Amino acid sequence: MQTEELFNDDFFKQFKTGKELNDFLSQLQKRGIEKMLEGELDGHLGYDRHEQTSVNNARNGYGKKKIRTNYGESEIRVPRDRDASFNPIIVPKRESMVEGIEEVIVSLYAKGMSVSDIEEQIKDVYKFEVSSSTISRITSRVAEDIVAWQNRPLEPVYLIVWMDGIVFKVRENSKVINKTIYIAVGLKRDGLKEVLGMWLGKNESAAYWMSVLTDLKARGVEDILITATDNLNGFTQTIRSVFPSAATQVCVVHQIRNSCRYVVWKDKKEFTRDMKNVYAAPTREAAQASLNDLEQKWNRKYGYAIKSWRENWNELTVFFDFPLEIRQIIYTTNLIENLNGKIRKYTKNKLSFPSDDAVLKSVYLALREASKKWTMPIRNWGMILNQFLTIFENRVRI
């Protein structure tokens with residue numbers, strides 16, 4: 001049977017049971033891995049099969065290897081070289097567990113590649129053809145992963161939770177509208193960061209954040225020590241209605257940006273420098289004095305910007321209650337904004353999404369890729385943990 005026939009949509013119609021389809025996909029995966037291994041050996045040797053070359057190292061037949069995948073155990077042929085220097089990436093020596101084609105496809109999809117781009121990439125790199133319908137079926141399994149991930153139990157206590165929203169254009173009822181993905185990232189007691197979940201709603205609002213926080217509580221979160229958020233109207237009250245003991249820090253960087261919206265370009269540099277005296281002050285009292293100076297100097301021209309600082313003062317200055325090491329990680333939502341930037345990077349090729357499911361799938365995969373590097377505790381974690389234990393005593397349960 002030719003490759004084109006093997007991946008024809010009509011071919012799948014012959015499968016009457018899930019087992020038949022699973023057996024076929026297992027064989028598909030086996031063939032794909034073997035083709036990828038051939039491609040890896042070509043790259044290792046520096047020339048294609050049947051190509052004349054003066055290179056000393058050459059192909060040396062095949063060995064057999066049993067591998068385990070999510071389709072079960074199977075035996076594959078592994079190409080060898082004379083020097084025995086070939087160590088495949090997809091099935092390394094002395095290892096039997098492989099990610100398989102579907103993980104390669106999902107990873108490419110997560111990086112923002114379209115189905116047709118993935119089809120071409122696999123064909124060019126691995127000399128193996130996978131139809132667009134097969135790729136779509138593989139990426140569609142992500143929906144099941146999202147449900148399991150979004151409903152997984154969470155830890156009872158998070159030391160810090162950063163929360164922010166990111167807007168995407170999504171088609172709904174023949175119109176393209178803005179929708180918000182709400183994202184929460186928690187700092188665990190071991191110093192590692194964890195994406196707690198993502199939720200899709202319309203315009204960002206404190207009311208919708210209420211449902212997000214309620215979901216966190218339903219999944220096992222009993223206490224949050226500190227939250228870091230933007231200055232969305234009503235957000236602080238919403239957090240306290242669900243986690244009444246949480247200290248609620250409004251992002252200072254958001255406040256700076258919002259204040260500068262009212263300042264003309266020629267004054268912006270000087271105004272920004274004067275604002276820095278406020279949030280970079282050593283104590284809350286010194287910050288208050290700097291705010292008074294800022295108001296005296298600029299209130300006549302930019303009274304609304306000063307008023308914003310006054311109205312949000314209590315939430316803007318929560319970080320002064322903590323040691324410098326904790327201040328540096330809570331006074332801004334830069335961590336989650338950096339995460340949002342990586343999501344944008346992965347989804348930049350999609351100007352709009354055809355459905356809610358499509359945007360959720362893309363953002364989930366982007367989150368999964370971006371958080372793969374979160375393998376180490378944040379800097380100076382031993383010192384910071386001791387500070388949390390001293391300040392919050394019994395609320396941090398180890």
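Sheet, salt bridges and buried residues in a predicted model

Strand β4 (residues 175-187) runs antiparallel to β5, and eight bridges join the two. Strands of a sheet pair through backbone hydrogen bonds, in a parallel or an antiparallel sense. Here two strands count as paired if DSSP finds at least two bridges between them. Helices (H or I, at least four residues) and strands (E, at least two) are DSSP runs, numbered from the N terminus. I181 has L200 in β5 as its bridge partner.

This is a predicted model, in which local features need pLDDT of at least 70 and side-chain atom pairs count only at pLDDT 80 or more, while totals for chains, interfaces and linings use all residues. Residues are numbered from 1 along each chain as its sequence is written, and side-chain values use heavy atoms, with hydrogens and water left out. The predictor's confidence in each residue is pLDDT, from 0 to 100. The protein has a mean pLDDT of 84, and 85% of its residues reach 70 or more. Over residues 1-7 the pLDDT is below 50, and this stretch has 17 contacts in the model beyond near neighbours in sequence. A contact means heavy atoms within 4.5 Å.

The open sheet has five strands in the order β5-β4-β3-β6-β7, with mixed pairing. At its edges are β5 (193-201) and β7 (247-250), each of which pairs on one side only. From one strand to the next the twist averages 25 degrees. Helix α15 (residues 334-347) packs on the sheet and touches β3 (157-172), β4 and β5; the direction of α15 makes about 30 degrees with that of β3. For such angles, axes are lines fitted to C-alpha atoms, for helices over the stretch in contact, and the values run from 0 to 180 degrees between N-to-C directions.

Side chains of opposite charge can pair when their charged atoms come close. The structure holds 17 salt bridges, each a side-chain nitrogen of Lys or Arg within 4 Å of a carboxyl oxygen of Asp or Glu. One of them joins R395 and D223 (2.8 Å, N to O). Because R395 lies in the segment after α17 (381-392) and D223 in strand β6 (residues 223-229), this pair ties together parts that are 172 residues apart in sequence. R395 is partly exposed at 24% relative accessibility, and D223 is buried at 13%. Buried means under 20% relative accessible area, exposed over 50%, and partly exposed in between (1.4 Å probe, protein chains only).

E337 and R257 also meet in a salt bridge (3.0 Å, N to O). E337 is in helix α15 and R257 in helix α10, so the pair links parts 80 residues apart in sequence. E337 is buried at 19%, whereas R257 is partly exposed at 44%. Between K301 and D267, the closest N and O atoms of the salt bridge are 2.5 Å apart. K301 lies in helix α12 (residues 284-311) and D267 in helix α11, so parts 34 residues apart in sequence are tied together. D267 is buried at 7% relative accessibility. Salt bridges that share partners join E172, K179, K202 and D356 into one network.

V263 sits in the loop between α10 (252-260) and α11 (265-279). With a relative accessible area of 5%, V263 is buried. Leaving out residues up to four places away in sequence, V263 touches K268, F271 and Y302.
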